[in-house]
Amino acid sequence: MDPFFSAVELLPRRYETAFRAQAAFVPEEIRLRVGQPPSLLYGEREHFLAVDGIKEEDLVRVLEKATGASLYSAAEAMRQGYFCVGALRIGICGRATVGGAGRGFASYSSLCIRLAREHRGICAAAADRLCEGRYANTLIVAPPGGGKTTALRELIRTLSDRGRRMGVIDERGELSGGVFDLGRCSDVITGTDKLSGALLLLRSMSPQIIAADEISAPQDLLAVEEIYGCGVGLLASAHAADREDLMRRSAYRVLIEKEIFTRLLVIRRGGGKRSYELEAIA
Amino acid sequence: MRKLLGAASILLACFWAALGRLRDKKQSIAHLHALAQSLLELRSALQERQQGLGGMFMSLAQKYEKGPVRGFYGRLNDKLEDLGEYSFSELWRGTAEECFSALGEGVVDILCPLGDCLGGSELDRQCTALERAAQRIEKEAETRREALGGEKRLSFGLSLCAGGFLAIMLM
């Protein structure tokens, strides 16, 4: 089932007809904001539906439905802003509880349901180059919503199907989602932080390349340094528009100066299409 | 002889009716204990496993013998499919009213507020609410058990007197 229809099943029934009429546009995201009509993201902009506005109780019901009335089971992920249900990534905004957003939400103001889809072949050219000779540690960069996770997933699958043993740290289950094919030579660990996942994979699964999504937190960078120098390749993603953007952040600058990553896969968007350009960093 | 037999039958019928009433009340006390126990198990499952509610309801439905407690968790598990159309709170309340009205308004009043916090993001609040509800239900069961003791004696006494009176009248 296309993730769009999985998402529609979570939504209030009164919107069902209006949403189904939009299926042909293959939206990337569904946005629900209190007081506003729901909107769909496609063609690089939001399109609002001609229906009544969202209420907070609608957001609560969406979350209840998505978690089977078990929000506590996704609480840890929710505290970091989003959780995954199959091919859906549900981002949350609202009033944080006492103690800051890290402790959860007292009330909700908007949800962003990102619809993950498989796009086979988008990274075939990059995979060809990465498979020539020795593998070079690669960082996939794009702004938020730019397609990093989709590209990472496809690159993992391609490299895996070409015989590379991939160890995948899928912290929140977004890469595999329980539905995506990550390749026949992939070992996936879910529900653990990147450092613990990396150590476990190194000790027990003898990967040739370890892949992880969105390395940003200090612990993530520790995991990267742990993997580097173990004779295992690295494949990861980070938020940045391009190399110059990446170099503005000290943590990433260190990774590049130490030559931990020597290749960048830059995803650019233009004319409604994405391009995937593999560049040497050094 | 016929009159004696008739009198004995009437006496037995009175005893039987009294026993029946007492049995029903005893059973409702047992159901209350089972309900309280199930709430504590729900609390433990939340604390230890943080499993989804659906899975827990199914386990509880299978664990308890045929009765309102089994019926409650079984129906609730089935009704989770209607989430989205109804809030969890509405489903919980509706099912509690369906399954536990026979045990008295007080029991339903204790259970209904649980629907407002169960399934939320704050685990501690849910566990505390479950524990408190279980304690209140246990207290209700104790009150009924004490009342039952006195009622037992009264019932037997009254039925004996009524039966005896009828028997004498017949004879």
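The model is predicted.

**Stop one: A:Arg117**

Select A:Arg117, which sits in the loop between strand E6 (105-115) and helix H5 (124-131) of chain A. A:Arg117 is buried, because its relative accessible area is 12% and the limit for that class is under 20%. Next, display the side chain of A:Asp2: a polar contact of 3.0 Å joins it to the side chain of A:Arg117. Then show the backbone of A:Pro27, whose oxygen lies 2.7 Å from a polar atom of the A:Arg117 side chain.

**Stop two: A:Thr149**

Move to helix H6 (residues 148-161) of chain A and select A:Thr149. This residue is also buried, with a relative accessible area of 12%. Leaving aside residues up to four places away in sequence, A:Thr149 touches A:Glu174, A:Leu175 and A:Asp213.

**Stop three: helices H7 and H8 of chain A**

Select residues 194-204 for H7 and residues 218-227 for H8, both in chain A. Their axes come within 8 Å and cross at roughly 20 degrees. Angles under 35 degrees count as roughly parallel, and H7(A) and H8(A) are therefore roughly parallel to each other. On the H7(A) side, show A:Lys194, A:Leu195, A:Ala198, A:Leu199 and A:Leu202. They meet A:Gln219, A:Asp220, A:Leu222, A:Ala223, A:Glu226 and A:Ile227 in H8(A). The residues of this contact comprise 7 nonpolar, 1 polar and 3 charged.

**Stop four: helices H1 and H3 of chain B**

In chain B, select helix H1 (residues 2-48) and helix H3 (residues 68-79), which pack at an angle of about 40 degrees with their axes 9 Å apart. That angle makes H1(B) oblique to H3(B). From H1(B), display B:His31, B:Ala34, B:Leu35, B:Ser38, B:Leu39 and B:Leu42, and from H3(B) their partners B:Pro68, B:Val69 and B:Tyr73. By class, this contact has 7 nonpolar and 2 polar residues, and no charged ones.

**Stop five: where chain A meets chain B**

Finally, show both chains together. The contact takes 14 residues from chain A and 21 residues from chain B. About 1400 Å² is buried between the two chains, and carbon and sulfur atoms give 49% of that area.

Definitions and conventions: Residues numbered from 1 in each chain as written. Chains lettered and ligands numbered in written order. Predicted model: local features only at pLDDT ≥ 70, side-chain atom pairs only at ≥ 80, totals over all residues. Heavy atoms only, no water. Helix = DSSP H or I, 4+ residues; strand = E, 2+ residues; numbered from the N terminus. Buried < 20%, exposed > 50% of the residue type's maximum accessible area, 1.4 Å probe, protein only. Polar contact = N/O pair within 3.5 Å; in protein donor to acceptor, adjacent residues only side chain to side chain. Axes fitted to C-alpha atoms, helices over the stretch in contact; angles between N-to-C directions. Parallel < 35°, antiparallel > 145°, perpendicular 65-115°, else oblique. Contact = heavy atoms within 4.5 Å. Nonpolar A, V, L, I, M, F, W, Y, C, P; charged D, E, K, R; others polar. Buried area = accessible area lost by both parts, 1.4 Å probe.
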